[in-house]
Amino acid sequence: VSDSSQFRLLRERRFAPFFTTQFLGAFNDNVFRNGLIIVITFQGVKVFGLNASQLANIAGAIFMLPFFLFSATAGQLADKYEKSALMRIIKVVEIALMLLAALAFMSGQYSILFLVLFLMGCQSTLFGPVKYAYLPQKLDTSELIGGNALVESGTYLAIILGLVVGGLSVAVDPQNRYVLSASLLTIAAAGYLASRSIPDTPAVDPELRINWNAVQETWRIVGYARKDRSVFLAVIGISWFWFFGSVMTLQIPAYTLDILNGNEEVTTILLVAFAVGVGIGALLCERLSGHRIELGLVPLGSLGLTIVAIDLYFAQTTKHPLVVTTLGELLARPGSIRVLVDLALLGAFGGLYSVPLYAMIQERANRQHLSRIIAANNIINSLFIVSAAGMALTLLNAGLTIPELFLALACLNGVVAARIFIGVPEFAQRFFSWIRGKAGNAAERD
C-alpha cells in the first residue's frame, strides 16, 4: 500500500488500536440491535403492547435519547481527562452491559433488553466525543479526510458484520439465543483488549471544572458550536444525514416483510447493501478530494441522496406477490437488483456527504473545545434521530406506505440541502470548483 494512502494508518500504533476499538464497539452495537429487532419482528414478539414496526422506530429513539441527555457531560470528560484511559473504562462498561444483555436474551426478558439498549446508548454517548476528538490530536490535517474515511467505512463494515452475525446468531439458535449471547460477550472482551494498546492522548483542558447541570452545559456547548457559522452548519448537515439514514434503515425490516415479501435473511441483505455503499463512499472521499478536505463533495452527496431515494420509491411501490427467502431467490426476482443498487447508492452518496463535514469540524473548531463541540454535534444528531423516528411513526400512522415515506424523505432532503448550501455558499462554490477541476484533469488526459 502506498505511503500516501489512508490505509497506511492501519499499520501505525497511533491509529490501529483506536480503529480496532471503535470498530468492535460498532460491531457489537449492531449485533445486539439487529438481533433484538429480528427477534421482535420475525418471532411476533410484542413489548409494551407495541408491534414490530412501532418497536423498530422506538428502539432507534431509545438508543439515541442518552446522546441528548448526557452528551454535555461526555464532552467535558473527554476534554478534561486523558483519552486512552477513558476508552478503556468505556469498554469495561460495555462488557458489563453485554453480560446483562446475554442473561436477558436467554431468559426472554424483552423489557430488560430495551433497558440495555438505553444503557448502550449511554456508553456510546461517552465514547463519541473521545472518538472524534482523538483523531485531530494524532493525525495531521492532511490525514484527517483519510482517517475519518477509515473510521466511517470501518463503522459501516462493522455494521455489515453486526447485521450478519446478529441475524445468523438468531437463525442458528432462535429459542435459547446462546450463540447471540456468546457473540456479544466475546466481541466486548476483544474491544477491551484492543483498547489497552491505544497510546496516551493528553487532556486538552485538564483544568476544566465539570458542570454537572446538563441543561445549562448543553446550552453552553451548543454555543461553542455556533460561534463559527460554517462549523455549526456542518453539524446541522451531519445531523440531517443521521435523520435521513435513520428513517431509511429503521424501515428496512418492515419494508422487507410488507413490500418485498421477504424474511430475516432478505432484511440482512438489504441492510448490508446500504452499509457497503456507505463504506465505499467514505473510502472514495480521499481519492476524489486529493488528500484534502473537499467540501465540494457534500452537494454531490446530497443531490445523489435525493435522486436515488426517489428511484427507490418507484422500484417497488406495493407488496410483491412472490415470496423470497434467500439471496438467490431475491436476485432472480425482477426488480430486486434495482432495490439493492438503490440502497447501495444511498449509502455511497451518504459517505461522500458526511465524511468531509466531520473533517471540516475537526479542522475548524477551537481545539480546546473540540470534544465539547463534538458533544454538541451528538446532541443535535440525537434530536434529529429522535425526530426521525417521530416523523416516521406519524406519517406511517397517517396512512403512508413505506415507499411513500421514502419519497417524502427524498423531497424533504432537497429542501434541507438547499437551505444549508444557501447558508454557506462555500459548499456550492467548492462543488463547482471541484467539477471544473475534474473536467480539466480529464481534458488533459485526453
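Author: Of the 78 residues in the largest nonpolar core, Tyr255, Leu270, Leu346, Ile361 and Phe427 touch the most other members. A nonpolar core is a set of buried Ala, Val, Leu, Ile, Met, Phe, Trp, Tyr and Cys residues joined through side-chain atoms within 4.5 Å; buried means under 20% relative accessible area, exposed over 50%, and partly exposed in between, with a 1.4 Å probe and protein chains only. Helix α8 supplies the largest share of this core, 13 residues. Helices (H or I, at least four residues) and strands (E, at least two) are DSSP runs, numbered from the N terminus.

The model is predicted: local features need pLDDT of at least 70, side-chain atom pairs count only at pLDDT 80 or more, and totals for chains, interfaces and linings use all residues. Residues are numbered from 1 along each chain as its sequence is written, and side-chain values use heavy atoms, with hydrogens and water left out.

With neighbours within four places in sequence left aside, tyrosine 255 is in contact (heavy atoms within 4.5 Å) with Leu260, Leu270, Leu312, Gln316, Val339, Ile402, Pro403 and Phe406. Another core lies apart from the largest one; it has 34 residues, including Phe32, Ile38, Leu113 and Val116.

Rings of Phe, Tyr and Trp (its six-membered ring) pair if their centres lie within 6.5 Å; planes under 30 degrees apart count as stacked, over 60 as edge-to-face and the rest as tilted. Phenylalanine 15 and phenylalanine 19 form a stacked pair, 5.8 Å centre to centre with 25° between the planes, and both of these residues are buried. A further stacked pair joins tryptophan 240 and phenylalanine 243, at 4.7 Å centre to centre and 15° between the planes. Because tryptophan 240 and phenylalanine 243 are three residues apart in helix α8 (residues 229-250), about one helical turn separates them. An α-helix has 3.6 residues a turn, so residues three or four places apart point the same way. Tryptophan 240 and phenylalanine 243 are both buried. Elsewhere, Phe15, Phe18, Phe19, Phe23, Phe27 and Tyr134 form one aromatic cluster.

A charge sits over a ring if NZ of Lys or CZ of Arg is within 6 Å of the ring centre and within 35 degrees of the ring normal. The charged end of arginine 33 is placed over the ring of phenylalanine 63, 4.1 Å from its centre, and arginine 226 lies over the face of phenylalanine 232, at 5.4 Å from the ring centre.

The buried residues of α7 are Glu217, Thr218, Ile221, Val222, Tyr224 and Ala225. Seen down the axis of α7, these buried residues fall within an arc of 145°, so they line one face of the helix; the arc is that of the directions from the helix axis to the C-beta atoms.

Helix α2 (residues 52-80) contains isoleucine 62. Isoleucine 62 and phenylalanine 114 are 52 residues apart in sequence, and 7.7 Å apart in space, C-alpha to C-alpha. Beyond its neighbours within four places in sequence, isoleucine 62 is in contact with Phe114, Leu117 and Phe118.

Aspartate 79 also has its place in helix α2. It counts as buried because its relative accessible area is 0%. Leaving aside neighbours within four places in sequence, aspartate 79 is in contact with residues including Ala203, Val204, Asp205, Gln368, His369 and Arg372.

Asparagine 261, finally, is found in the loop between α9 (252-258) and α10 (264-289). Its phi is near 60°, a positive value in a residue other than glycine. Asparagine 261 counts as buried because its relative accessibility is 16%.
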